[in-house]
Amino acid sequence: MLIKAILLGLVGIVGVIDSRLIGRQNIGRPLILSTLAGLVLGDVRQGVILGASLELISMGFVAIGAAGPPNMQFGSIIATAFAILSGASTEAALTIAVPVAVIGEFLSVIMRMVIAQFSHVADKAIENGQFKKAIHIHLWWSFGFNALVYFIPIFLTVYFGTDLVTNLVAAIPQAITNGLTVAGNLLSALGFAMLLSSMLSKKMFPYFLLGFLIVAYSGLSLVGVTMFAAILAFILDKVLYGKGANA
């Protein structure tokens, strides 16, 4: 369990690398992190299923001003670990994910308050002509602190067992838990609506309808439909629209 706890902590750091070191590459999305967590725990299928569900929830989270949304990086990894290690259902894991993500956002706020103080140290370094030190503070001090804030809670949660998460969630009043569950379901619908909003145009709607009819009447799995969609996209791009025809 020690090795798995360490590896899952490192999965959390992967999310930090995505947003804090190499820019936004979407590596820290719930679908990716839950899949990696499933890979570490030997159940990639469950990781992908949970990641897809959590991805829909996270699409409904929007940062408005200084109000940050729940931290789904925490929620994704810990909920996936909870589901796989305890054998809980997907629904139970999703119920765990939102409260954990809310707690994770509290930690994120504290983390940003501490990191903000690093700028004063960097300012003094610049005044003293220590430009390399200022660069290190900007790149590595904040990243290192971010990594610890993500690694330690995930490691402790997994190492000391899923009972820690269960007891933590059990301590939350039932009314709040029910509210978070309802909010999570609504956010899933909102996330799916946001995804569809980019597809339901006059140009894209025929393809959306085609995919829906194939799934509804062909009996193909989503993997099969995806493979046909990839071939169709290639044909449209290379042949119909003539892009790359001269390559």
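This is a predicted model: local features need pLDDT of at least 70, side-chain atom pairs count only at pLDDT 80 or more; totals for chains, interfaces and linings use all residues.

Trainee: Is α4 roughly parallel or roughly antiparallel to α6?

Mentor: Helix α4, made of residues 72–86, packs against α6 with the two axes 11 Å apart and at an angle of about 15°. Angles under 35 degrees count as roughly parallel. The arrangement of α4 relative to α6 is therefore roughly parallel.

Trainee: How many nonpolar residues does the contact of α4 with α6 have?

Mentor: On the side of α4 the contact is made by Gln 73, Phe 74, Ile 77, Ile 78, Ala 81 and Leu 85, while α6 brings Val 149, Tyr 150, Pro 153, Ile 154, Thr 157 and Val 158. Sorted by class, this contact has no charged residues and two polar ones, and the number of nonpolar residues is ten.

Trainee: Is α2 roughly parallel or roughly antiparallel to α3?

Mentor: The axes of helix α2 (residues 30–40) and helix α3 (residues 44–59) come within 7 Å of each other, and they cross at roughly 160°. Because angles over 145 degrees count as roughly antiparallel, the word for α2 relative to α3 is roughly antiparallel.

Trainee: In which hand do α2 and α4 cross?

Mentor: These two helices pack with their axes 9 Å apart and at an angle of about 35°. Among the residues that make the contact are Pro 30 and Leu 33 of α2, together with Met 72 and Ile 84 of α4, and the contact divides into six nonpolar, five polar and no charged residues. As for the hand, the crossing of α2 and α4 is right-handed.

Trainee: Which residue just after α9 takes a positive phi?

Mentor: Helix α9 runs over residues 205–217, and its 13 residues should span 18 Å at 1.5 Å a residue, which agrees with end C-alpha atoms that are 18 Å apart. Just after this helix there is a residue with a positive phi of about 80°, and that residue is Gly 219.

Definitions and conventions:
Residues are numbered from 1 along each chain as its sequence is written. Side-chain values use heavy atoms; hydrogens and water are left out. Axes are lines fitted to C-alpha atoms, for helices over the stretch in contact, and angles run from 0 to 180 degrees between N-to-C directions. Helices (H or I, at least four residues) and strands (E, at least two) are DSSP runs, numbered from the N terminus. Angles under 35 degrees count as roughly parallel, over 145 as roughly antiparallel, 65 to 115 as roughly perpendicular and the rest as oblique. Contact means heavy atoms within 4.5 Å. Ala, Val, Leu, Ile, Met, Phe, Trp, Tyr, Cys and Pro count as nonpolar, Asp, Glu, Lys and Arg as charged, and the others, Gly among them, as polar. The expected span of a helix is 1.5 Å times one less than its number of residues. A crossing is left-handed if the near helix is turned anticlockwise from the far one by less than a right angle, and right-handed if clockwise.
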